[in-house]
Amino acid sequence: MNTPITFNLAIGSRKPHSGTQKICPFCHPEKLTGIMEKKGDIIWLMNKFPVFEHTWPTVIVETSDHNGELSTYEPEKLHEVISFGLSHWLQLESDKRFKSVLYFRNYGPVSGGSQRHPHSQIIGLENYDYRDNILGENFLGSLVHEDEDCYATISDYPLSCMGELNVTLKKDASPDQFADTIQTLARFVLHDFPLPCTSYN
Ligand SMILES: [Zn+2]
């Protein structure tokens, strides 16, 4: 077990937050810098606030709709966003600069995310393999869904929280039903979880 990622407080303290900023930076793509790719209204760019040291942090602005959210995307949009993210995550996974690469999103006021505008992140970790801190057991638990492309479980041995839901994409499977299942679980967390939840990671 190791915890080698250092949070840079100096950068973190300068980072704008939806609660304090007047203008959402992601609503003004013409002013964004460090853009690496655009597809429709999806934009992949460098994160201006690299709060984690020895990482290569990037952001995917998923939509031009500030009030959109993964749990409410139409199927076509959902599939486009997840396919875009997965393809770039895989691209970085094979990049020799990184020991491992994270692809994640946060939503809601207690998720730790600083921007309301729908976005996800892909972060290359230069000297840390996050898989060192994960066991196969962490993904085991009651099966709540399975189709030809993916399956979903509720963790019996969650890593850090009381409720962890897992969606596993099967080998060489199509990501569309994987995306649909993630969306279904995000809706469950926000609307039907036994405890009130406004946020998820
Ligand atoms: Zn916005």
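Predicted model: local features only at pLDDT ≥ 70, side-chain atom pairs only at ≥ 80, totals over all residues.
Biologist: Which atoms are the protein donors of the zinc ion?

Modeller: They are C24 (SG), C27 (SG), H66 (ND1) and H117 (ND1), at 2.0 to 2.3 Å from the zinc ion. Donors are N, O and S atoms within 2.8 Å of the metal (3.2 Å for Na, K and Ca); water is not among the atoms, so sites may look incomplete.

Biologist: Why is the arrangement around the zinc ion called tetrahedral?

Modeller: Four donors count as tetrahedral if all angles lie between 85 and 135 degrees. The four donor atoms here subtend angles of 106 to 118 degrees, so the arrangement is tetrahedral. The ideal angle for four tetrahedral donors is 109.5 degrees.

Biologist: How do you know that W56 and F98 form a tilted pair?

Modeller: Rings of Phe, Tyr and Trp (its six-membered ring) pair if their centres lie within 6.5 Å; planes under 30 degrees apart count as stacked, over 60 as edge-to-face and the rest as tilted. W56 and F98 are 5.9 Å apart centre to centre with 35 degrees between the planes, a tilted pair.

Biologist: What makes W56 and F98 a link between parts of the chain?

Modeller: W56 lies in strand 3 (residues 55-61) and F98 in the loop between helix 2 (75-93) and strand 4, so the pair ties together parts 42 residues apart in sequence. Helices (H or I, at least four residues) and strands (E, at least two) are DSSP runs, numbered from the N terminus.

Biologist: Are W56 and F98 buried or exposed?

Modeller: Buried means under 20% relative accessible area, exposed over 50%, partly exposed in between (1.4 Å probe, protein chains only). W56 has 19%, so W56 is buried; F98 has 8%, so F98 is buried.

Biologist: What lies over the face of W56?

Modeller: R97 does, at 4.8 Å from the ring centre. A charge sits over a ring if NZ of Lys or CZ of Arg is within 6 Å of the ring centre and within 35 degrees of the ring normal.

Biologist: How does the radius of gyration of the chain compare with that of a compact globule?

Modeller: The radius of gyration is taken over C-alpha atoms, and the globule rule is 2.2 Å times the number of residues to the power 0.38. For 201 residues a compact globule would have a value near 17 Å; the chain has 17 Å, which agrees.

Conventions:
Residues numbered from 1 in each chain as written. Heavy atoms only, no water. Tetrahedral: all angles 85-135°; square planar, octahedral: opposite > 155°, others 65-115°.
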